[in-house]
Amino acid sequence: MGFSVSKHGKGPQTDGAMTDATNRAIISKNEILTLKRKVVRARMDHFPLVARKLEMHELTNYPSKARFDALQVMSVWGVAGVGKSALVRSFYYHRMLYNHQLFDKYGWVDVSHPLNLEDLCRNLLLEFYSHSLDENEATYCMMSIRDPIKECCKLLKDHPCLVIIDDLQSTEEWDSLQAALVSRPSKSIIVVISNEERIALHCADRKDLVFNVKALHIDAAFDLFKKEVHRKNSMFHTYVFDNDVELQQLILKCGGLPKVIVAIADLLAPQTHGWARSTSSMNAGFMQNLEANPEFACLRGLFSWMRSYFRACPDLLRPCIFYLSIFPGYHSIRRRRLVMRWVAEGYSKDSDSCTAEENGEKLFSKLVEMSMVQPPPQEIITHMRMVLCHVSGFFHEYIISRPKDENIVFALEVFALKKLCHPTTQRTGRHLVIEESWQRDNIVFERIDFSRLRSLTVFGEWESYMISKGMKVLRVLDLENASGVTDKDLEQMLKLLPRLKFLSLRGSSQIFRLPCSLGDLKQLETLDVRNTSIVTLPSSITKLMKLQYIRAGSTTPAPCSLVSWLPDCCKACRFVGVEVTRGTQKLMLLHTFGVVNVGIVRGKAILKDIRKLTHLRKLGVSGVSKKNYNVFCSAISGKPRLESLSVWLSRVNQEYLDDISTPPENLQSLKLYGLEKKLPNWIKQLPKLRKLNLEITISEEVGISSILGDLKELCILRLRVKLLQDSMLNFCVMKDATEERSYENVKILEIASCSRLLNVNFGSVAMRNLELLKVGCCNTGCGLQFTGLNHLAKLKEVWIIGSHVDTLKNHIEDQFAESTSKPALKLEEVNLSPCASAERNDQGCSFPFLSKG
């Protein structure tokens, strides 16, 4: 039964009863679409989508995925102000303009609160028919419908419709909407927009139909700001912004939220004169300005959401949220650093079913779910735990701007020593942060009351006076990457801070030894001395019965070489583990241990001690050779809890590698460095392996794919390879002359090579879910050749890194021209020094650091 609009006001009629007047009033579908396109094109031209090309491309594939599997509901989520509605509206308009044949009707409705289902359905019907040439007729028709809910449901069932439901705020709202409107089977697609992942997952028909809109990267945020300023004031030369440090800090504080960026741009654009003063003023009181200034009335809804969002946080989570303000905004934070600090502070404790660390991981996951903690920009989401994260600049500013009494409620008082210290500066609290920008002043420091201080975190330069005998209850001392810390300072710290639970000297290269007095820290749980100059742990460490986490060892770079752009496995350097004493088996709570040098005389004895550590989940060892391999295999066998294993092999005959018969069955991460010409077959016996880093010399006969291709859970594969002449890196798995599906869950592939010619073959059914490809060559004459790129349908981004990449540009672009996914291509130039170039064939590949984790 069809539906038409009567010119005489008689409401809906059957097709057989239509009068001539009614027929003349019907607007043809083509005429309606023509009008829609004109309106839509005008709106798209006036509000262009900035810096969302990849997200837009990905989002357009979701409806096809849903319709292919006869599904109906997909969802889009992200924090308030991140630009969800703008992205979806662009997608919505794009469908109208270029794929209009897929849907008969289009409708966009905003959910009212509380939900009024009948009003929502009336608005949706009005959207469906509001493009009639006579709007009065459409409005009259809507008023004539007695049951708009039933009519909407019928239209969605009988016609292919694209419906956007914006601002859904609870699962209960969706349950009501779903019961009223969703019927299956249906050719319609419903897109639900929400601020919370929990709601988005509840609404979508399947998890892979949930799309997360993330904050803009800083470059994209700056680009949006400049375009908005130029749109408001075309006389303004935006190139002057490029070296404006104050402005860059201001954009960072916006946290990549387009709504905030545009609001600030709209305020500053008319101010051709006095620009610097206005920018500095905005920086000085960023959050206060946004909340109180009438010019930012457009952000009231955002702040209303922020307040309710924080109020809804569980009491257990609130201290963890405010603890994030210890780290500077947009500062990269290691996940394990944050979690182990929470454990030491008592924010995460043991429970009947989980350890304190496991509960800390759950708290971290909750912050990720709430978008308060985010992965680094352009990070591909995999099943692996996030290694690095950062706090959104906007969330960070909001947290530190909360009133003092609000922080007291959460039993957390964070204060920082800034560039200036005024007479009214708070000088007592539980957490002291010394920022890199603070001008070191001994007199100011001595005025601080340390009697309640629980944690001390130093960024930048360390001074010896920063440890005080007044810090009697200090639990956390975090000096990661602080400069100027010496052995003498360390001895003083251990003498004055007997209650430490967390001690990090990570990155302090002037620390050469740990004093024997370390054994007096009976409460110590976390010890991180990685990338220091320490090569031996003192025997007194065996007295620390509460110790759970030991990270040690350092890298020795090849002379004149650069730091690798790939994590660990592709560094042009040698890793040096620390020597440990006998007796480590006493540390029964130890779950993270490494990197331990077992290539010394007592190496076998150390491995026997490691075998007795039954709680180990993460282990790193160096110096594994044919002499100690049997003991090493025995040490890691029977370790059901072991999830991560890193091994540095001695470069000798490695036929012994296949001797291991029972590898850890729950291993999720494996790193093998120093392989020669073959892979150990036991890798096949790791069903849960998700991340694999390999350093290997490959000959033509090496069958990598025969071993790795069937690892069903593998998500991340990183290779540093030296290919012998005429060899190919082949990811194609053949069986009986037929190619088989392989590497089905690999999303990230990173390859570094020092070979003159690098041929990579993907076949036709390998790595079908690959999203990120990084390839680096340190050889100045390296030629890159890819085969099978056109089969990588989900490839989003390709990075090519090396010297003289400009000469490769056209060649690379031609190869990717056939790719159906049209990935973003990035070329990164690396200038190798002559010394580094001369050593690259012996030492491996060298690339600048591009991404962490």
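Reply: Let's start with helix α25, which is mostly covered: six of its eight residues are buried. Buried here means under 20% relative accessible area, exposed means over 50%, and partly exposed is what lies in between, using a 1.4 Å probe and protein chains only. Helices (H or I, at least four residues) and strands (E, at least two) are DSSP runs, numbered from the N terminus. Please keep in mind that this is a predicted model, where local features need pLDDT of at least 70, side-chain atom pairs count only at pLDDT 80 or more, and totals for chains, interfaces and linings use all residues. Residues are numbered from 1 along each chain as its sequence is written, and side-chain values use heavy atoms, leaving out hydrogens and water.

The covered positions of α25 are Tyr629, Val631, Phe632, Cys633, Ala635 and Ile636. Their packing partners are α24 (603–611), β19 (618–624) and β20 (644–649). Just past the end of α25 comes Gly638, with a positive phi of about 70 degrees.

The largest nonpolar core has 115 residues, and Leu708, Phe731, Phe762 and Phe786 touch the most other members. Helix α25 (residues 629–636) supplies the largest share of this core, six residues. A nonpolar core is a set of buried Ala, Val, Leu, Ile, Met, Phe, Trp, Tyr and Cys residues joined through side-chain atoms within 4.5 Å. Leaving out residues up to four places away in sequence, Phe731 touches several residues, including Leu717, Leu719, Ile751, Phe762 and Met767. A second, separate core of 96 residues includes Leu71, Leu162, Ala269 and Tyr398. In soluble globular proteins, nonpolar side chains tend to be buried together.

Now look at what lies around α24 and β19. Arg617 sits in a salt bridge with Glu357, their closest N and O atoms being 2.1 Å apart. Because Arg617 lies in the loop between α24 and β19 while Glu357 is in helix α19 (residues 356–369), the pair ties together parts that are 260 residues apart in sequence. A salt bridge is a side-chain nitrogen of Lys or Arg within 4 Å of a carboxyl oxygen of Asp or Glu. Arg617 counts as buried at 19% relative accessibility, and Glu357 is buried too, at 4%.

Thr584 is another covered residue, at 2% relative accessibility, and is found in the loop between β17 (573–576) and β18 (592–597). Contact means heavy atoms within 4.5 Å. Beyond four places in sequence, Thr584 touches Thr542, Phe593, Asp609 and Leu613.

A search of the whole structure finds 31 salt bridges. One of them joins Asp158 and Lys154 (2.9 Å, N to O), which both lie in helix α8 (residues 148–158), four residues apart or about one turn. Asp158 is partly exposed at 45%, as is Lys154 at 39%. Another joins Glu695 and Arg720, with closest N and O atoms 2.2 Å apart. That pair links strand β22 with strand β23 (residues 716–723) across 25 residues, and both partners are buried. Bridges that share partners also join Arg334, Arg337, Arg341, Asp478, Glu480, Arg506 and Asp528 into one network.

Arg334 has a place in a sheet as well, standing opposite Leu388 in β8. The sheet is open, with three strands in the order β6-β8-β7 and antiparallel pairing. β6 (333–334) and β7 (373–374) are at the edges with a single partner strand each, so one side of each is left without a neighbour in the sheet. Two strands pair if DSSP finds at least two bridges between them, and β6 and β8 (residues 388–391) have two.

Finally, the chain as a whole: there are 28 helices and 32 strands, and 55% of the 853 residues are buried. The mean pLDDT, the predictor's confidence in each residue from 0 to 100, is 81, with 80% of residues reaching 70 or more. pLDDT stays under 50 over residues 1–27 and over residues 418–425. Where pLDDT is low, the predicted coordinates should not be read in detail.
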